[in-house]
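Biologist: Could you please show me the structure, so that we may go through it together?
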Amino acid sequence: MAWAIVTYGTKPEIRLINNGTKVSSKFYINKVSKPFFRNEVPKLFPEGRKSMVFHQDGASSHTSKQIFQFLKKEKINFIDRDVWMPKSLDAASVDCCI
């Protein structure tokens, strides 16, 4: 399994996740999100987090209450799952391509 971000102008790190790993909310926050926002975001957005909007796919660890609490606590601009258009390839292409 892999976790990656799609952006322009740079090549962010792809995080590989070992087979059989249970990607719980806690794992996703501590092993993927925190390192991403600490290490990658400053390189991707040197002008600061305010210039980015974070959007995730519909994986259960990406839609948990805990991840949204983490994003709010860290003051990260994100698209809330309540405004996602379900099952729309146009609106949620991150779920369906690459």
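Biologist: Where is L16 placed?
Modeller: L16 sits in strand β2, residues 15–16. Helices (H or I, at least four residues) and strands (E, at least two) are DSSP runs, numbered from the N terminus. Please note that this is a predicted model, where local features need pLDDT of at least 70 and side-chain atom pairs count only at pLDDT 80 or more, while totals for chains, interfaces and linings use all residues. Residues are numbered from 1 along each chain as its sequence is written, and side-chain values use heavy atoms, with hydrogens and water left out.

Biologist: Is L16 buried or exposed?
Modeller: L16 is exposed, because its relative accessible area is 71%. Buried means under 20% relative accessible area, exposed over 50%, and partly exposed in between (1.4 Å probe, protein chains only).

Biologist: Which residues does L16 touch?
Modeller: Leaving aside residues up to four places away in sequence, L16 touches M1 and A2. Contact means heavy atoms within 4.5 Å. L16 and A2 are 14 residues apart in sequence, and their C-alpha atoms are 4.4 Å apart in space.

Biologist: Let us step back. How many helices and strands does the chain have?
Modeller: The chain has 2 helices and 2 strands. From the N terminus on, the order is β-β-α-α.

Biologist: What percentage of the residues count as buried?
Modeller: Of the 98 residues of the chain, 34% count as buried. The accessible surface of the chain comes to about 6,900 Å², and 54% of that surface belongs to carbon and sulfur atoms. Such areas come from the Shrake-Rupley method with a 1.4 Å probe; for residues, only the protein chains shown count as cover.

Biologist: And what share of the contacts comes from residues 24 or more positions apart?
Modeller: Among contacts in the chain with a separation of 6 or more, residues 24 or more positions apart account for 50%.

Biologist: You mentioned F54. What does F54 touch?
Modeller: Apart from residues up to four places away in sequence, F54 touches W3, Y28, F36, F37, L71, I76, N77, F78 and I79.

Biologist: Several of those are aromatic. How many aromatic pairs are there in the whole structure?
Modeller: A search of the whole structure finds 6 aromatic pairs. Rings of Phe, Tyr and Trp (its six-membered ring) pair if their centres lie within 6.5 Å; planes under 30 degrees apart count as stacked, over 60 as edge-to-face and the rest as tilted. W3 and F36 form one that is edge-to-face, with 5.1 Å centre to centre and 65° between the planes.

Biologist: Which elements hold W3 and F36?
Modeller: W3 lies in strand β1 (residues 2–3) and F36 in helix α1 (residues 25–44), so the pair ties together parts that are 33 residues apart in sequence. W3 is buried at 10% relative accessible area, and F36 is buried at 1%.

Biologist: What is the geometry of the pair formed by F68 and F78?
Modeller: F68 and F78 form a tilted pair, 5.3 Å centre to centre with 40° between the planes. F68 lies in helix α2 and F78 in the segment after α2, so this pair ties together parts that are 10 residues apart in sequence. F68 counts as buried, because its relative accessibility is 6%.

Biologist: Which residues do ring pairs link into a cluster?
Modeller: The cluster linked by ring pairs consists of W3, F36, F37, F54 and F70.

Biologist: Now to charges. Which residue forms a salt bridge with K43?
Modeller: K43 forms a salt bridge with E40, and the closest N and O atoms are 3.8 Å apart. A salt bridge is a side-chain nitrogen of Lys or Arg within 4 Å of a carboxyl oxygen of Asp or Glu. The structure holds 1 salt bridge. Both K43 and E40 lie in helix α1, 3 residues apart, about one turn of the helix.

Biologist: Are these two buried or exposed?
Modeller: K43 counts as exposed at 57% relative accessibility, whereas E40 counts as buried at 6%.
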